[in-house]
Amino acid sequence: MRSSAEIKPRTIALEASSACQLRCPACPNAEGKIRSTLGSGFLKFADFKSTLNNNTYVNEVFLSEWGEPLLNPELIEMLQYAYKNGVRLIASSNLNTMTRSLAEALVKYQFHYLVCSIDGADNGSYHAYRRGGSFERVIDNIKMINEFKRAYHSKYPELTWQYIAFGHNEQMIGAARKMAQDLNMRFYLKLAWGPIFGGEAYSPVKNKELVRAETGLGAASIEEFYQKYGVAFEREICTQLWGAPRVTFNGRVIGCCVSFWGDYGNAFREGLLNIFNNEKMSYARAMLMGEKPPRSDIACATCWFYNIMATDHKWLSREEILAQSPTFGNRLTSSLTKIRRKYFWTHT
């Protein structure tokens with residue numbers, strides 16, 4: 001695979017909302033950084049519809065990026081239109097905002113996969129990070145979705161409880177895992193991103209042995225993961241420039257789910273394929289494969305992930321890029337599989 005080969009991804013991220021009702025510490029959105037660089041607003045149904053109509057090769061859309069997708073006032077119309085046109089929808093949500101009509105629409109129109117960000121097992125452990133949210137409300141909303149799943153005899157949306165391990169909530173991991181099982185949800189324990197966006201890590205884990213064991217990663221932080229395996233935790237994010245490019249609510253193509261300080265053009269004005277294959281994005285891919293030197297107008301040049309690659313000269317390989325599953329749900333693979341893939345990719 002050459003970095004300059006034409007990219008025509010079946011999966012794209014089309015941000016339903018850049019607004020969020022929570023104020024999570026260490027989140028760039030809560031700090032106002034997203035608003036200042038990318039703006040704030042909701043994806044319009046007209047833009048969603050035209051994007052699907054003009055790019056019929058796309059069969060999966062991830063509706064999340066920096067904000068809360070369930071806040072979008074036209075979301076039900078999007079669910080209905082995607083269902084009618086055979087496009088699978090997936091998203092990550094804090095699940096604090098829900099109506100019965102929206103819960104029913106998620107089931108009725110077979111929203112495929114919903115990752116629920118729930119970092120605690122009671123209101124105290126949850127609210128320490130998800131500030132402005134309510135643990136009880138989130139659980140009630142999950143039960144509402146499950147109620148409609150039973151009524152429609154549907155397994156959709158498939159639900160995953162994503163739990164970020166912090167020092168203030170590590171003692172509740174076992175309880176959260178049990179609650180997820182009782183609610184018919186998968187459970188995914190994730191390491192905090194720590195210094196990826198600069199500054200000091202928020203609420204570092206205290207019981208490192210517990211978190212090492214619970215994640216199955218043998219690491220309690222992304223720094224420890226790097227020391228242990230010699231590659232950055234979740235470095236597969238960089239492959240999104242090939243397999244699942246990110247588009248903001250107003251059409252700006254930012255490439256991946258980490259970058260918010262630059263873009264490659266506007267997909268609504270210039271067309272998805274034109275942006276995905278323009279000189280700037282092709283150059284960014286070449287940088288990630290070690291084929292080109294960094295360039296100041298490419299967001300990757302100042303990214304934590306890229307800087308680790310450049311320091312260690314462990315660039316993305318063809319095998320690593322192709323190995324990423326086109327289905328979001330399947331990307332939450334076992335910890336051991338993730339480790340094996342990362343180690344293999346960077347040591348062959």
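The legends below describe close-up views of salt bridges and of a cavity in a predicted model. Residues are numbered from 1 along each chain as its sequence is written, and side-chain values use heavy atoms, with hydrogens and water left out. Because the model is predicted, local features need pLDDT of at least 70 and side-chain atom pairs count only at pLDDT 80 or more, while totals for chains, interfaces and linings use all residues.

**View 1. The salt bridge between R88 and E60.** The side chains of R88 and E60 form a salt bridge with an N to O distance of 3.2 Å, the term being used for a side-chain nitrogen of Lys or Arg within 4 Å of a carboxyl oxygen of Asp or Glu. R88 belongs to strand 3 (residues 88–93) and E60 to strand 2 (residues 60–62), so the pair ties together parts that are 28 residues apart in sequence; strands here are DSSP runs of E with at least two residues, and helices are runs of H or I with at least four, both numbered from the N terminus. E60 is buried at 0% relative accessible area, whereas R88 is partly exposed at 28% (buried means under 20%, exposed over 50%, and partly exposed in between, with a 1.4 Å probe and protein chains only).

**View 2. The network of K155, E158 and R186.** These three residues, K155, E158 and R186, are linked through salt bridges, and the closest N and O atoms of R186 and E158 are 2.9 Å apart. Since R186 lies in strand 6 (residues 186–191) and E158 in strand 5 (residues 158–165), the pair ties together parts that are 28 residues apart in sequence. R186 is partly exposed, with a relative accessible area of 40%, while E158 is buried at 16%.

**View 3. The salt bridge between R295 and D297.** The closest N and O atoms of this pair, R295 and D297, are 2.7 Å apart. Both partners are partly exposed, R295 at 22% relative accessible area and D297 at 37%.

**View 4. The largest cavity and its lining.** The largest cavity holds about 120 Å³ of space, where a cavity is a set of points on a 1 Å grid over the protein atoms alone at which a 1.4 Å probe fits but cannot get out, and lining residues have an atom within 4 Å of a point. Its lining comprises 14 residues, with C238, L241, C256, C300 and C303 nearest the centre. Strand 8 (253–255) and helix 14 (304–312) each contribute at least two residues to this lining.

Notes. On a 1 Å grid over the protein atoms alone, a cavity is a set of points where a 1.4 Å probe fits but cannot get out, and a pocket is an open set with protein on both sides within 12 Å along at least five of seven lines; lining residues have an atom within 4 Å of a point. Grid points are joined across faces, edges and corners, and a volume is the space filled by probe spheres set on the points.
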